[in-house]
Amino acid sequence: MIKLTDVTKEYPRHGAALKEVSFHVAKGEFVFLTGHSGSGKSTTLRLVHMADRPTHGEVRVSGFSSALTSAREVWKLRRRAGMVFQDFRLLPGRTALENVAFALEVTGTPRGQLHHRAQRLLAQVGLSAKLSSLPTELSGGEQQRVAIARALATEPLVLLADEPSGNLDERAARGILELFRELNASGMSVLMATHDLDLIRAFPAVRVLELDEGRLVYDSRENGA
Amino acid sequence: MTHAVREALAAIRRAPLLTALSAAMVALALFVVGLFALVAHNLQVALDQVEERVEVVAYLRDDTRSVELEIAEEEMRSLPEVEDVRYVSKEEALLLAQEQLADFQDLFAGLEVNPLPASLEIALAPGSRDPETVSRISQHVSVYPFVEDVRYGEEWVDRVYLLQRISGITAGVLGTGFGAVAALIIATAIRIAIFARREEIYVMRLVGASNGFIRRPFLLEGIFTGLVGGLLAAGLSYASYLAVGHLLFPVEWLPGPWVAGGILAGAAFGLVSSALAVRRYLQEV
């Protein structure tokens with residue numbers, strides 16, 4: 001589903017953010033990507049979402065290769081790989097329902113179905129009661145749920161999450177994790193970057209990859225943990 | 001497509017002044033072209049009329065022998081550029097002059113000798129009435145020893161041709177200048193529209209909207225602006241045509257395909273300008 005092969009990413013000013021990283025996330029797998037800030041977690045996710053291209057090596061996501069997918073075609077990959085961020089990135093002037101409906105509309109859902117499908121997605125993340133709330137009227141956890149519903153609009157095969165619980169209190173963070181587990185149970189692969197070790201410990205069955213200064217230093221599967 | 005139309009209209013509502021300014025600049029550029037097209041078209045109409053009457057007149061010496069004349073007429077007729085050759089005798093010339101210049105009756109009445117020369121009027125075939133051919137034929141005619149003088153109104157045929165060329169070049173230069181300014185303003189309008197929607201564009205990219213889908217509203221906005229500019233320019237040109245007709249002298253309106261072509265050129269211009277701007281500025285957000 002996601003495969004990095006000897007991936008190095010260098011930025012002209014900041015040097016190498018990733019150094020010869022290789023790993024594979026299978027279909028339906030749940031993986032935590034951890035490490036200190038600056039260790040390369042966000043860079044990895046950006047490469048997987050093809051917001052950036054590797055300097056060396058290859059990133060493959062759901063049949064799309066970083067070496068072969070042109071900038072014009074990246075949108076096709078994005079429909080298979082949903083993404084959520086620490087800061088939610090919702091459209092501030094639009095309600096929860098409108099935020100999700102917008103994603104549905106711009107990815108080709110017929111107008112007549114927008115409302116109904118957006119409602120269903122928000123029900124899936126447990127927000128049926130907050131359809132007409134603006135982002136400012138929602139708690140952090142609720143905003144992240146709207147962002148997740150939006151990421152699910154294209155029925156992706158992979159969900160990428162960059163510190164999704166970073167702005168949330170412990171309870172809300174657990175709630176989001178439970179939601180990811182449910183989505184994963186329905187067959188979706190999840191790659192989640194987090195530096196919250198307590199959260200990782202709370203889900204001991206989940207595979208953990210650890211980055212340190214751009215190098216992959218630990219893989220719980222290979223270490224038999 | 002409905003999404004693109006809605007977003008384009010929203011962008012126009014968001015910055016109506018800028019849209020109006022863009023359209024006005026396109027209109028100005030096309031209006032300049034339209035005005036000179038009017039001039040060029042009417043000069044062409046005038047030229048066509050003049051050309052129909054273009055003929056070379058060879059005035060003959062009084063002592064021309066009829067045998068020589070017949071041979072010359074024969075030779076003239078055999079040229080492919082020549083449609084017809086007509087001999088006008090001294091008497092006919094006088095009669096014609098008296099008819100055409102009725103105000104000068106007294107002048108002609110007192111004459112004891114006929115001062116007018118006989119002449120050969122050489123009509124040219126269609127397609128052979130341009131200045132070069134006319135001048136070539138008249139040189140050919142002037143070689144005959146019995147030909148005293150040859151006239152074909154060269155000065156003003158040349159002048160009309162020159163005017164037509166000048167108006168074409170001026171329209172090109174001014175049209176290009178105003179066009180460049182219009183393109184810059186359209187690009188600015190598109191840039192502002194992109195900036196106003198940068199958060200939405202970001203989300204669109206995030207969730208996988210296609211590039212075409214993201215671009216379409218901006219391209220539509222450009223087409224709309226150009227189209228309005230084109231229609232405005234057509235209206236201004238028509239107003240000028242009416243004004244000239246009322247105040248100065250009757251002129252002909254432009255042929256339909258020219259007008260339609262001008263309006264479509266406005267739309268195409270708007271599309272190309274916004275496509276270039278979108279290409280450039282969409283990467284910034």
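Visitor: How much area do chain B and chain A bury between them?

Guide: This is a predicted model, in which local features need pLDDT of at least 70 and side-chain atom pairs count only at pLDDT 80 or more, while totals for chains, interfaces and linings use all residues. Residues are numbered from 1 along each chain as its sequence is written, chains are lettered from A and ligands numbered from 1 in the order in which they are written, and side-chain values use heavy atoms, with hydrogens and water left out. Buried area is the accessible area (1.4 Å probe) that two parts lose on being put together, summed over both. For chain B and chain A, with 60% of it on carbon and sulfur atoms, that area is about 1,600 Å².

Visitor: Which residues of chain B lose the most area to chain A?

Guide: Contact means heavy atoms within 4.5 Å, and here it takes 20 residues from chain A and 16 residues from chain B. Together giving 34% of what the chain B side buries, the residues that lose the most area to chain A are B:Val203, B:Leu206 and B:Val207.

Visitor: Which residue of chain A forms a salt bridge with B:Glu200?

Guide: A salt bridge is a side-chain nitrogen of Lys or Arg within 4 Å of a carboxyl oxygen of Asp or Glu. Between chain B and chain A the count is two salt bridges. In the one formed by B:Glu200, the closest N and O atoms are 2.7 Å apart, and the partner is A:Arg94.

Visitor: Which helix gives the largest share of the side of chain B that touches chain A?

Guide: Helices are DSSP runs (H or I, at least four residues), numbered from the N terminus, as are strands (E, at least two). Five residue pairs in polar contact (both at pLDDT 80 or more) cross the interface of chain B and chain A. On the chain B side, at least two residues each come from helix H1 (2–14), helix H8 (198–207) and helix H9 (211–247). The largest share, eight residues, comes from H8(B).

Visitor: How far apart are the C-alpha centres of domain 1 and domain 2 of chain A?

Guide: The bounds come from an automatic or database domain assignment, which gives domain 1 (1–80 + 157–225) and domain 2 (92–155) of chain A. In contact are 13 residues of domain 1 and 13 residues of domain 2 of chain A. The distance between their C-alpha centres is 24 Å.

Visitor: How many salt bridges does the rule find across the interface of domain 1 and domain 2 of chain A?

Guide: These two domains of chain A bury about 1,000 Å² between them, with 67% from carbon and sulfur atoms. On the domain 1 side, 46% of what is buried comes from A:Arg79, A:Ile176 and A:Leu179 together. The number of salt bridges found between the two domains of chain A is zero.

Visitor: Is A:Gln144 buried or exposed?

Guide: A:Gln144 lies in helix H5 (residues 140–151) of chain A. Its side chain has a polar atom 2.8 Å from the backbone oxygen of A:Phe85 and one 2.8 Å from the backbone oxygen of A:Pro164. Buried means under 20% relative accessible area, exposed over 50%, and partly exposed in between (1.4 Å probe, protein chains only). With a relative accessible area of 0%, A:Gln144 is therefore buried.

Visitor: Which residue's backbone oxygen does the side chain of B:Lys90 reach?

Guide: B:Lys90 lies in helix H4 (residues 90–100) of chain B. Beyond its neighbours within four places in sequence, B:Lys90 is in contact with residues including B:Asp62 and B:Pro117. At 3.0 Å, its side chain reaches the backbone oxygen of B:Leu116.

Key: Polar contact = N/O pair within 3.5 Å; in protein donor to acceptor, adjacent residues only side chain to side chain.
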